[in-house]
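Subject: Structure handover

Hello,

Here is the structure for you to look through. Please open it beside this email and follow along.

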Amino acid sequence: MCHVFADQDPHRYASQTRSLRLNGQSTSIRLENAFWRVIDQIADRDGVTTPMFISKLHAEVLELHGEPENFTSLLRCACLKFMESSITARRFVIAAE
């Protein structure tokens with residue numbers, strides 16, 4: 001039953017730490033490679049670098065809700081929202097055809 005999940009490439013769920021600046025302060029973020037790939041796609045879609053996208057997202061979250069308790073969790077959930085919206089957009093295109 002879970003073979004499709006268990007059989008994935010271990011590199012996909014291996015973690016990677018990237019360093020960047022948030023609000024002028026150096027920090028590092030550790031995420032699984034699969035999430036970094038999605039974040040890179042979002043940044044590319046928006047025409048910015050990945051650090052620029054993450055900084056913009058952090059600034060917007062600060063403005064709306066204050067400092068997030070767990071920013072890496074927010075990034076993972078942002079990836080899920082991006083993937084969900086991509087699926088919805090594809091369904092809309094297919095339905096419109």
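Which residue forms a salt bridge with Arg18? The partner is Asp40, and the closest N and O atoms of the pair are 3.0 Å apart. Arg18 sits in strand β1 and Asp40 in helix α3, so this pair ties together parts that are 22 residues apart in sequence. One caution before you go on: this is a predicted model.

How open are the two partners? Arg18 has 22% relative accessibility, so it counts as partly exposed. Asp40 is partly exposed as well, because its relative accessible area is 27%. The cut-offs are simple: under 20% is buried, and over 50% is exposed.

**The other salt bridges**

The count comes to 4 salt bridges. Among them is the pair of Arg76 and Glu32, with the closest N and O atoms 3.1 Å apart. Arg76 lies in helix α5 and Glu32 in strand β2, so here the linked parts are 44 residues apart in sequence. Arg76 is partly exposed, at 23% relative accessible area.

Another pair is Glu60 and Lys56, whose closest N and O atoms are 3.5 Å apart. Both are in helix α4, 4 residues apart, so about one helical turn separates them. Glu60 has a relative accessible area of 38%, which means partly exposed. Lys56 reaches 52% relative accessibility, so it counts as exposed.

Why can such pairs form at all? Side chains of opposite charge can pair when their charged atoms come close.

**The hairpin**

Now go to the strands. β1 covers residues 15-22 and β2 covers residues 25-32. They run antiparallel, and 8 bridges join them. Gln16 stands opposite Leu31 in β2. The hairpin has 2 residues between its strands, and Asn23 takes a positive phi there, near 55°.

**Helix α3**

Next, look at α3. This helix has 14 residues. From first C-alpha to last, α3 reaches 20 Å, close to the 20 Å expected at 1.5 Å a residue. Its buried residues are Asn33, Ala34, Trp36, Val38, Ile39, Ile42 and Ala43. Gly47 follows the helix, and its phi is positive, near 75°.

**The core**

Which residues touch the most other members of the largest nonpolar core? They are Ile29, Ile39, Phe53, Ile54 and Leu75, out of 17 residues in that core. The elements that give two or more residues to this core are β1, β2, α3, α4 and α5. Helix α3 gives the most, with 5 residues.

Take Phe53 from that list. Leaving aside neighbours within four places in sequence, Phe53 is in contact with Ile39, Ile42, Ala43, Asp46 and Val48. Find Ile39, Ile42 and Ala43 again among the buried residues of α3.

**Thr50**

One more residue is worth a look. Thr50 is found in helix α4, which covers residues 50-65. Is Thr50 buried or exposed? Thr50 is buried, because its relative accessibility is 12%. Beyond its neighbours within four places in sequence, Thr50 is in contact with Arg18, Trp36, Ile39, Asp40 and Ala43. That list includes Arg18 and Asp40, the salt-bridge pair you started with.

Best wishes

Technical notes. Residues are numbered from 1 along each chain as its sequence is written. This is a predicted model: local features need pLDDT of at least 70, side-chain atom pairs count only at pLDDT 80 or more; totals for chains, interfaces and linings use all residues. Side-chain values use heavy atoms; hydrogens and water are left out. Two strands pair if DSSP finds at least two bridges between them. Buried means under 20% relative accessible area, exposed over 50%, partly exposed in between (1.4 Å probe, protein chains only). Contact means heavy atoms within 4.5 Å. A nonpolar core is a set of buried Ala, Val, Leu, Ile, Met, Phe, Trp, Tyr and Cys residues joined through side-chain atoms within 4.5 Å. A salt bridge is a side-chain nitrogen of Lys or Arg within 4 Å of a carboxyl oxygen of Asp or Glu. The expected span of a helix is 1.5 Å times one less than its number of residues.
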